[in-house]
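Reader: I would like to learn how the features of a model are read one by one, with the rule behind each stated before the case. Please start with a single position and widen the view from there.

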Amino acid sequence: MKSAVVQLPGLNRDRDMIAALTKISGKPPMTIWQTETEIPDVDLIVIPGGFSYGDYLRCGAIAARMPVMQAIIEKAAKGVKVLGVCNGFQILVEAGLLPGALMRNASLKFVCREIKLEVVNAETDFTRAYAQGQLIRCPVAHHDGNYFADEATLTKIEGNGQVVFRYAEGTNPNGSLNDIAGVTNEKGNVLGMMPHPENLIEAAHGGSDGRGLFASALDVVAA
Ligand SMILES: NC(=O)CC[C@H](N)C(=O)O
């Protein structure tokens, strides 16, 4: 499987993401710069975390309007898998590829700690390596991760199985509605999540609970 990582000014988790994809698939991803309007043939496009354009206006708002996003929207429409982590999630929401919004954390503080995630839907292209209901460890680091959607949208995404990850009881770090930590689009080929699975993939990280996500998306064995 071929993958690509998007690079934009201000993103700072791209190297972690490149390392995770390389270690898990054995192949380094290609990188895509903000001005690119055509994306080569890949199976998975990843928008990593960070502070694109300094988080000015709203997190992800400027990035969502860069030329590369139009190319990503076209690829997503063709069924290519797209993963957005943290700022990547915010960008996907701002680009209209995912429902809802990410507001300032309820605490109004930047939160950087480990939480627990429940795998709510283990039947997606991103979560097959996990068991339904499995609890996994995962780090978070953000100030705008408070997931919000209006009632109709919430009912729809919950009913469709689009809520893929939830913060396990007592670990919601930001006030997200329904403890939502990760959602997909209706088709299931675009996933956005606030926690950082790329930062928990090997012993040096203190655990490897994040591996399953990349193994699923890259279609390789998790171990
Ligand atoms: N680690 C990140 O990607 C941070 C995302 C975003 N800049 C925020 O703080 O909410």
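Author: Alanine 122 lies in the loop between β6 (111-119) and β7 (135-142); helices (H or I, at least four residues) and strands (E, at least two) are DSSP runs numbered from the N terminus. The model is predicted, so local features are taken at pLDDT of at least 70 and side-chain atom pairs at pLDDT 80 or more, while totals for chains, interfaces and linings use all residues. Residues are counted from 1 along each chain as its sequence is written.

Reader: Is alanine 122 buried, exposed or partly exposed, and why?

Author: The general rule counts other C-beta atoms, placed from the backbone, within 10 Å of a residue's own: 20 or more make it buried, 12 or fewer exposed, and anything in between partly exposed. Alanine 122 is partly exposed because 17 other C-beta atoms fall within 10 Å.

Reader: Which residues does alanine 122 touch, apart from those up to four places away in sequence?

Author: A contact means that the C-beta atoms of two residues, placed from the backbone, lie within 7 Å. By that rule alanine 122 touches Thr127, Arg128, Tyr130, Ala131 and Gln132.

Reader: How many bridges pair β10 with strand β9, and in which sense, parallel or antiparallel?

Author: Three bridges hold the pair, and β9 (residues 163-167) and β10 run in the antiparallel sense. Within it, arginine 166 has isoleucine 180 of β10 as its bridge partner, and phenylalanine 165 stands opposite glycine 182 in β10. Strand β11 (residues 190-193) is also antiparallel to β10 and is joined to it by three bridges, with glycine 192 in β11 as the bridge partner of valine 183. These two strands, β10 and β11, form a hairpin with five residues between them, and glycine 188 in the turn has a positive phi of about 90°. As for cover, five of the five residues of β10 (residues 180-184) are buried.

Reader: Which residues does the UniProt annotation "active site" cover?

Author: UniProt positions follow the numbering used here, feature names are shortened, and an annotation may be inferred rather than shown by experiment. The unreviewed entry places Cys86, His196 and Glu198 under "active site". They span 113 residues in sequence, yet no two of their C-alpha atoms are more than 11.1 Å apart, so they gather at one spot.

Reader: Where do histidine 196 and glutamate 198 lie?

Author: Histidine 196 lies in the loop between β11 and α5 (211-218), and glutamate 198 is placed in the loop between β11 and α5 as well. Histidine 196 is buried because 22 other C-beta atoms lie within 10 Å, and glutamate 198, with 30 C-beta neighbours inside 10 Å, counts as buried too. Setting aside residues up to four places away in sequence, the contacts of histidine 196 include Cys86, Val85 and Arg13. Glutamate 198, again leaving out neighbours within four places, is in contact with Arg13, Asp16, Met17, Ala20, Val85 and Gly210.

Conventions
Two strands pair if DSSP finds at least two bridges between them.
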